[in-house]
Amino acid sequence: MNTMDYDLLVVGAGPAGLCAGMYGGRAKLKTGILEKGVPGGEILNTDMVEDYPGFLSITGPDLAAKFESHARKFGAEIIPDLALEIYSEGDRHIVVGEEATYRAPAVIVTAGGNPRKLDVPGEERLSARGVSYCAVCDGPFFEGQDIAVVGGGDAAVEEGTYLTKYARKLYVIHRRDELRAQKIIQERLFAQPNAEVIWDTVVDEIGGDQRVENVTLRNVKDGSTRRLDVGAVFIFIGFTPNSNIFRDHIEHTEAGYLVTNSLMESSIPGVYAAGDIREQLAKQVTTAVGDATTAALAAEKYIEAMRHEAAHAAPAAAG
Ligand code: NAP
């Protein structure tokens, strides 16, 4: 398998990866961003972004396209490959991809994560048959039907509000009596006449023959169960970081988030993490690009220091 050398490798092309790539390019580092899918990450699944400063309102895909062209403008290369493994060899880090092997003194991991699964009967069997994790992608298929959303965080409430424009009736099923979502996001949901929150309730089963037809609900306070007829279930119950390939050798939390210092450096010198894969308070585009900026500038200094050291070690070694 070919081995290709870069100054800086970025794993994942969401907002954090594209921002890190932009800064890598601006620093005149030979920068490669590994991304098997479409660049843009999670915001590709978001209808409108309205909390990214400078854009009062922009669609997720439009913002992703701007991030991508910005990274490319400064010379970052987007490599269509999937990272399978990462390890260190001397002062180089090796990223093994499906297509080739890549080597660089510094790596920024911006691999994000995936929506968490409910793990109830019917979820897997009816996935893409009414069970969905992306409102923008699948909402229009359920126009005029009753739709359930599971979760009570920003994603569930925001995507639920979005789905009210397709749903005849939109149910948000939440396991507590209080939503976790930001108040401003909650208010928009409560303003929709066709939205209803079903409190203190969990989904025990998703039913249907070829497609979703109903969900079995259980009230966690009194244990009562009932069946609710819906044509689709959208699940927004959080996020699992894509850190599997790093877990055995990079410090991480129990939930799999990579732990970094204030320079975004992981427990391995020269390996940085930014965005949703990193342990932090919020998963916002703003925090992802903030992390990525710090990581890229720190990586630049790290590479410079390494080159400086090598240049000064070389004459001594020669003499
Ligand atoms: P989250 O904030 O972790 O919320 C997950 C929600 O799902 C919580 O309400 C949780 O209930 C519920 N939940 C978890 N496991 C469950 C289970 N097994 N069964 C039923 N309910 C379950 O996740 P998120 O909403 O995906 O957001 C992730 C991050 O992205 C957050 O940092 C969020 O702020 C950010 N985000 C921001 C925006 C925005 O600002 N516009 C939009 C989307 C996401 P409990 O409340 O009881 O724990």
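**Reading strands and helices**

Modeller: Let us start with one pair of residues in this predicted model: Val 96 has Thr 101 of strand E9 as its bridge partner. Strand E8 (residues 92-97) and strand E9 (residues 101-104) are paired in the antiparallel sense, over 4 bridges.

Colleague: In what order do the strands of the open sheet lie?

Modeller: In general, strands of a sheet pair through backbone hydrogen bonds, either parallel or antiparallel. Here 4 strands form an open sheet in the order E1-E9-E8-E7, with mixed pairing. Strand E1 (3-5) and strand E7 (83-89) stand at the edges with a single partner strand each, so one side of each has no neighbour in the sheet. On average, neighbouring strands of this sheet are turned by 25° against each other, direction ignored.

Colleague: How many of the 12 residues of H1 are buried?

Modeller: An α-helix has 3.6 residues a turn, so residues three or four places apart point the same way. In H1, 10 of the 12 residues are buried, so this helix is largely enclosed by the rest of the structure. Among the buried residues are Leu 18, Cys 19 and Met 22. Just after H1, Lys 28 adopts a positive phi of about 65°.

Colleague: At what angle do helix H4 and helix H5 pack?

Modeller: Helix H4 (residues 154-163) packs against helix H5 (residues 183-190) at about 35°, and their axes are 9 Å apart. The crossing of H4 past H5 is left-handed. Residues making the contact include Val 157 and Glu 158 of H4, and Ile 185 and Arg 188 of H5. The contact residues divide into 3 nonpolar, 3 polar and 3 charged.

How values were computed:
Residues are numbered from 1 along each chain as its sequence is written. This is a predicted model: local features need pLDDT of at least 70, side-chain atom pairs count only at pLDDT 80 or more; totals for chains, interfaces and linings use all residues. Side-chain values use heavy atoms; hydrogens and water are left out. Axes are lines fitted to C-alpha atoms, for helices over the stretch in contact, and angles run from 0 to 180 degrees between N-to-C directions. Helices (H or I, at least four residues) and strands (E, at least two) are DSSP runs, numbered from the N terminus. A crossing is left-handed if the near helix is turned anticlockwise from the far one by less than a right angle, and right-handed if clockwise. Contact means heavy atoms within 4.5 Å. Ala, Val, Leu, Ile, Met, Phe, Trp, Tyr, Cys and Pro count as nonpolar, Asp, Glu, Lys and Arg as charged, and the others, Gly among them, as polar. Two strands pair if DSSP finds at least two bridges between them. Buried means under 20% relative accessible area, exposed over 50%, partly exposed in between (1.4 Å probe, protein chains only).
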